[in-house]
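Please view the sequence and the structure before reading the points below.

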Amino acid sequence: MKAGKGEERDPKEELMDGIDETLRKLSPDPSPPKEALSGGKIFSLTFGISLLLLILLMIFVLSGTARGGQLFSGQSLPSVTEGSADHSMDNYRPGKENGMRILLLTAAEGEAPAHYWLLRISPVSGEMLVLSFPDSLLSEDGEETLSLRKASESLSSAEAAVKAIFGKENVSRTIRLTRENAASLVSALGGMDWEFTTRYQSQSLDIPPGRHRLDGETLLELLDAAGTVSGKQLPSESEILAALLGQRLTEDAFNKDDGLFTALVTRSEGTLSAVDYYGGKKFIRWFLRLGAGFRTITLGSPGVESLTEGELEYARSKLTEPQT
C-alpha cells in the first residue's frame with residue numbers, strides 16, 4: 001500500500017518495489033508465438049535439401065571417375081575404352097609343333113603343276129617364308145634330276161618328290177589349285193594391287209605405268225611370265241604370292257569370319273583340313289598380330305630348270321632353322 005503525500009513509506013515496501021523493478025530490467029520481453037509451417041512449405045524444404053544432397057553426391061562421384069580414383073577401398077572404377085580390348089594373345093607363345101609347312105601348287109586342268117611354293121611360318125620370329133622353285137630339281141645326292149612335272153601325275157607324288165628334295169620334315173600339308181580355280185580365288189578375294197613402274201606388254205596384256213588392281217587371270221599370266229621371261233621388270237613368283245598374301249591375309253579379314261578358308265577349300269584339293277584350320281587359328285592370329293611379314297626366296301632363274309646342291313642346301317637351311 002502506497003503512502004499518501006507527505007507520508008513516509010514503509011522501508012519494507014520500498015525494498016520489495018526495488019526488487020520488482022530490478023527483475024523487470026533483467027527479464028527480456030516475451031517473443032510473440034511463431035507461426036506453424038504449412039504442409040506445402042515442409043515438402044518444399046525437404047525436397048530442396050534432398051536435391052542439394054544428390055547434386056553434391058554426383059559431383060563427388062564424377063570427380064572420382066575423372067581422376068581415375070577409387071571410390072571404395074580396393075575397388076577401382078573401370079576405365080572406358082572404345083570397344084573391348086582383346087588380351088587372348090598376350091601370353092601366347094607358339095612352339096615348334098605349331099609350325100606348318102605347306103606345299104602350294106597350281107596347274108592347268110588335267111596337266112602337271114606349273115607353279116610351286118613352300119610356305120613356312122617360323123614359330124620363333126613369326127615370319128612367313130615363301131619359297132618358289134622351278135620344275136626340275138636335283139636330288140639330295142646331286143646326281144639324279146627329278147622332274148616335278150613327271151612326278152606330278154597325282155598330288156601325293158608331287159608331295160613325295162618335294163620331300164625327296166627338301167626333306168620330308170619340310171612338307172606337312174599340300175594344297176593344289178587348278179588354274180581356273182586359282183584365278184577365281186584371287187578375284188573372289190578382291191584381286192591384287194600392284195605398282196608398275198614401266199609399261200608392261202605381252203601377247204595378251206598391255207598394262208600402262210601406275211597402280212592397278214589385277215584380277216585372278218591377269219595375275220596368273222604375270223606368274224607365267226615371271227618364271228620364263230626376263231627383262232620385263234616383273235617380280236618373282238615368290239614376291240607375287242607374298243604380295244597377295246600380305247594384302248588379303250590380314251588380321252581384320254581373318255577375324256571377321258571364316259571366308260578366307262571357305263574360299264580356299266571350295267576351290268582346291270589337298271591335305272589341309274578343317275581340323276588343321278581351326279586347330280591352327282590361334283597360331284595364324286599370332287602371326288598376323290605380330291606383323292613380322294614375309295621373306296621370299298626364289299630358286300633358279302628364267303630358263304634354268306636344274307638347281308645346284310648349294311642352292312638346295314641354302315633353301316633347306318632357311319626352311320628348318322629358326323628365323324630370327
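A residue is called buried under 20% relative accessible area, exposed over 50%, and partly exposed in between, with a 1.4 Å probe and protein chains only. The model is predicted, so to speak of local features requires pLDDT of at least 70 and side-chain atom pairs count only at pLDDT 80 or more, whereas totals for chains, interfaces and linings use all residues. Residues are numbered from 1 along each chain as its sequence is written, and side-chain values use heavy atoms, with hydrogens and water left out.

**Cavity**

- A cavity is a set of points, on a 1 Å grid over the protein atoms alone, where a 1.4 Å probe fits but cannot get out; its volume is the space filled by probe spheres set on the points, which are joined across faces, edges and corners.
- The count is one cavity of 30 Å³ or more, and the volume of the largest cavity is about 40 Å³.
- Lining residues, which have an atom within 4 Å of a point, are M192, W194, F196, L214, L219, L222, L234, P235 and I240 for the largest cavity.
- Two elements, β9 (192–196) and α6 (216–228), each give two or more residues to this lining; β9 gives the most, with three residues.
- Helices (H or I, at least four residues) and strands (E, at least two) are DSSP runs, numbered from the N terminus.
- The lining comprises nine nonpolar residues, no polar and no charged, where Ala, Val, Leu, Ile, Met, Phe, Trp, Tyr, Cys and Pro count as nonpolar, Asp, Glu, Lys and Arg as charged, and the others, Gly among them, as polar.

**Aromatic pairs**

- Rings of Phe, Tyr and Trp (its six-membered ring) pair if their centres lie within 6.5 Å; planes under 30 degrees apart are stacked, over 60 edge-to-face, and the rest tilted.
- The structure holds nine aromatic pairs.
- F254 and Y277 form an edge-to-face pair, because their ring centres are 6.1 Å apart and their planes stand at 70 degrees.
- Since F254 lies in helix α8 (residues 251–256) and Y277 in helix α10 (residues 274–279), this pair ties together parts 23 residues apart in sequence; both residues are buried.
- F261 and Y278 are also edge-to-face, because their centres are 6.4 Å apart and their planes are at 65 degrees.
- This pair links helix α9 (residues 259–265), which holds F261, to helix α10, which holds Y278, across 17 residues.
- F261 is buried at 12% relative accessible area, whereas Y278 is partly exposed at 49%.

**Cluster and charge**

- One aromatic cluster is formed by F254, F261, Y277 and Y278.
- The charged end of K281 sits over the ring of F254, 5.8 Å from its centre; the criterion is NZ of Lys or CZ of Arg within 6 Å of the ring centre and within 35 degrees of the ring normal.

Definitions and conventions. 1 Å grid on protein atoms, 1.4 Å probe; cavity = no way out; pocket = protein on both sides within 12 Å on 5 of 7 lines; lining within 4 Å.
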